Amino acid sequence: MGNLQVRLFVTYLVIIGVTLGLAALSLFLLLGGYRDSISYGNLEDVGALIDRQANYEIQNAVQKGDATLTGQDLLLILVNSLRGPGSSSVLPVTSVAVVDRSGRILRAAGPERLEDIVVRDFKAPSATADGERVPQRCRLSVPGGNELLCVSIPLSGAVLEKFPGSEAAALIVARPAASLGEVVGDLMPRLLFSGLIGVAAALVLGFLLSQSVAAPLRNIARAARNVARGNYRQRVPATGPSEVRDLAANFNRMTEEVQRSQQTLRDFLANISHELKTPLTSIRGFSEAMLDGTIDDPGGIERSARVINDESNRVLRLVEGLLDLSRIESGQLPMRQEEFDLQELMEHVGEVFALRSEETGVRLEIRPGSKAIIRGDFDRLEQVLNNLLDNAFRHTPPGGRVRVATRHVQEGLVQVTVTDTGKGIAAADVPHLFERFYRASNGSGAKGYGLGLAITREIVRAHGGDIWATSEPGRGTAFVFTLPAAGRRVPGLAGVPAR
Ligand SMILES: Nc1ncnc2c1ncn2[C@@H]1O[C@H](COP(=O)(O)OP(=O)(O)OP(=O)(O)O)[C@@H](O)[C@H]1O
Ligand SMILES: [Mg+2]
């Protein structure tokens, strides 16, 4: 029973079985009454036949001109007519009788002995209602025997007049009421037959329906096993009921995501190896040259030592960048929460880049705007501005301008913009700028690792802000980031005491 398909299948069968059982039960209960009404209908027909025959006999007797007809004679005529040829066909199961006005049976013919039994629910025919001799439904119980259904047909007033002193008031036709057992016995074969057809249909439908749910689930399970074995190309067709289709679609999305992150990891490792290879190759080349005496003059040794120093700094910078990135991403690099004015940070950065501005011939404009108190980590936000300004100076030719400005964009949100008049970034590169190791195709990023903006974005996000870039190739670039002003709660900003 652990198997879903078997469970579904059995469930369908149980449902069909219970439904059929309930249908049969209610049919039996309903059909008991139905059989009664059919029996009454038949009795009414038989009654009409016997009534016609009796009338015919009475007419005959009257026409013979016998003026001395008595009540007893009527009874005799009636009883003879009841035993007549018209009744014989119905007599094996049907009893016929004559009753008096109180419903007591005077004479009877048929399989049951009914004399002197009083009919229940008997309505004595009214003397006035001569025209409408309506058959009435009644019942009678044979002592120690069956319960009978009966129909009474009143004798007409005209007949009774001709037989003064007659006790006879109505004819009775009676037949045993169908018992539940009989109804069941009668219906059982048909019900069993229709039940069998139902069960056969349920078997086929149940199999198809359970298959339609179980088959896609089996596909997903098989695909999941393959993914677990490292085959990330697995996709499953979205078929079956909507929930299963939804599951398949989500499974496909998940495997795509796993595949993508596996690819990112591979690219990442390839990038790191590539970035490390160049400086390490130089370091090894120069150190070997010094060791084996290829470089032995003091000038050469000094140059080699400088290259080794520069290159190892470069490797160190890469490692530090990667460490920063992974620590921020995994939440292991807590951001301090200290309140300070952004103006303070801008002035500080202005001083740091003043020399760079002089050296490169690029004008630096710092526009702090109004006082903007924010809560965050001063050093990390300085790192953000350093990265953005370093990029801006690197990509702006002499005579250009780099500007840093802040403003309140809305209640509780401060926006910082770093614009330059440099060569700009191609539109195709802009969406990828914040990815690790991404360097735009503007040819001037060769010196960097493409990690600065990735780190920058992580720091800004850790402060509850956002960052984006807009650029116009040939005219310049703008990097914009937002920070929540102090007083606004920043989810996820680690609580480290201020310095
Ligand atoms: N102001 C800018 N003008 C033009 N191109 C830019 C500018 N800022 C960034 N870029 C482009 O975006 C790329 C990614 O920048 P990012 O700071 O992430 O890396 P990097 O500066 O190359 O290296 P790193 O910052 O790790 O030393 C750069 O290589 C450069 O091509
Ligand atoms: Mg950079």
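This is a predicted model: local features need pLDDT of at least 70, side-chain atom pairs count only at pLDDT 80 or more; totals for chains, interfaces and linings use all residues.
Two helices were examined as a pair. Helix 8 spans residues 342-360, and helix 9 spans residues 378-395. Their axes come within 10 Å and cross at roughly 25°. Angles under 35 degrees count as roughly parallel, so helix 8 is roughly parallel to helix 9. The crossing of helix 8 past helix 9 is right-handed. On the side of helix 8, the contact is made by Glu 344, Leu 345, His 348, Val 349, Val 352, Phe 353, Arg 356, Ser 357 and Thr 360. Helix 9 contributes Phe 378, Leu 381, Glu 382, Leu 385, Asn 386, Leu 389, Asp 390, Phe 393 and Arg 394. By class, this contact has 9 nonpolar, 4 polar and 5 charged residues.

The strands were examined next. Strand 4 covers residues 147-154 and is mostly covered. Of its 8 residues, 7 are buried. Strand 4 pairs with strand 3 and with strand 5.

Strand 3 and strand 4 form a hairpin with 5 residues between the strands. In that hairpin, Gly 144 takes a positive phi near 70°.

Strand 5 (residues 170-176) also runs antiparallel to strand 4. Here 7 bridges join the strands. Ile 153 stands opposite Leu 171 in strand 5. In a regular strand, side chains alternate between the two faces of the sheet.

Definitions and conventions:
Residues are numbered from 1 along each chain as its sequence is written. Chains are lettered from A and ligands numbered from 1 in the order in which they are written. Side-chain values use heavy atoms; hydrogens and water are left out. Axes are lines fitted to C-alpha atoms, for helices over the stretch in contact, and angles run from 0 to 180 degrees between N-to-C directions. Helices (H or I, at least four residues) and strands (E, at least two) are DSSP runs, numbered from the N terminus. Angles under 35 degrees count as roughly parallel, over 145 as roughly antiparallel, 65 to 115 as roughly perpendicular and the rest as oblique. A crossing is left-handed if the near helix is turned anticlockwise from the far one by less than a right angle, and right-handed if clockwise. Contact means heavy atoms within 4.5 Å. Ala, Val, Leu, Ile, Met, Phe, Trp, Tyr, Cys and Pro count as nonpolar, Asp, Glu, Lys and Arg as charged, and the others, Gly among them, as polar. Buried means under 20% relative accessible area, exposed over 50%, partly exposed in between (1.4 Å probe, protein chains only). Two strands pair if DSSP finds at least two bridges between them.
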